[in-house]
Amino acid sequence: MSTTDMATNSNYWEDLRKQARQLENELDLKLVSFSKLCTSYSSRSDSVASSQDNMLVAMTTELEQLLASLTTVNDKMAEYINTPGASSHNAALMHTLQRHRDILQDYTHEFHKTKSNFLSLREREDLLGSVHRDIESYKSGTGVNNRRTELFLKEHEHLRNSDSLIDNAISIAMATKENITFQRGMLKSIQTRVTTLANRFPAINGLIQRINLRKRRDSFILGGVIGVCTILLLLYTFH
């Protein structure tokens, strides 16, 4: 292999190492942010949960792309080591490649572990949120049902009281009607008896009429005397 080919291969290897280190640094920062976002996830607020879901989806996609890119770079590094010109430095290159592969494996494991923990957390949060919403819905529905039941009971009591008042009014009216009917019968019976007595005893009838006339005459006389006395008293007072 010529010196130019060796230099070219060396540069190629260094470029692959730079790409690997750059991807590893990006993955390290992204995984830290991804872990913080997953641990702070909460589904109890719809608006916050929606924003977090969007960020998690975007970050998950980006991490998967970075891991895929780092895997591709590691594969290219493995292909380079298998080239004939790299055999003289094969041990050192294999050590470097193994170190990059270990880093890739660690990052891949950390990513899947964090993602799995997040899915478990989200499932638990969703379950708790669902239970909380069911409880609130039950409380709200119970409150409405209690209020409706209370209104129905009040309306029923009002109707029952109205029925009782109507029954009492009807009972009073019936008793009054019976009393008036009884009194009417009594008066009619008395009138009949008086008429019968008057027909049987004409003298008594005449006596009663004379008594009534005398009472009426005495009333007129008494009224006249009282009037004259009142006039005389007024005249005496003003003179």
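This is a predicted model: local features need pLDDT of at least 70, side-chain atom pairs count only at pLDDT 80 or more; totals for chains, interfaces and linings use all residues.

Reader: What makes up the order of elements from the N terminus on?

Author: The order is α-α-α-α. The protein has four helices and zero strands. Helices (H or I, at least four residues) and strands (E, at least two) are DSSP runs, numbered from the N terminus.

Reader: Why is Leu232 called exposed?

Author: Exposed means over 50% relative accessible area, buried under 20%, partly exposed in between (1.4 Å probe, protein chains only). Leu232 has 53%, so Leu232 is exposed. Leu232 is found in helix 4 (residues 202-238).

Reader: What share of the 239 residues counts as buried?

Author: That share is 17%.

Reader: What makes a nonpolar core, and which residues have the most contacts inside the largest one?

Author: A core is a set of buried Ala, Val, Leu, Ile, Met, Phe, Trp, Tyr and Cys residues joined through side-chain atoms within 4.5 Å. The largest has 26 residues, and Leu27, Phe34, Leu63 and Met77 have the most contacts inside it. Helix 2 gives the largest share, 11 residues.

Reader: Which residues does Leu27 touch, leaving aside neighbours within four places in sequence?

Author: Leu27 is in contact (heavy atoms within 4.5 Å) with Leu63, Leu66, Leu67, Leu70 and Tyr107.

Notes:
Residues are numbered from 1 along each chain as its sequence is written. Side-chain values use heavy atoms; hydrogens and water are left out.
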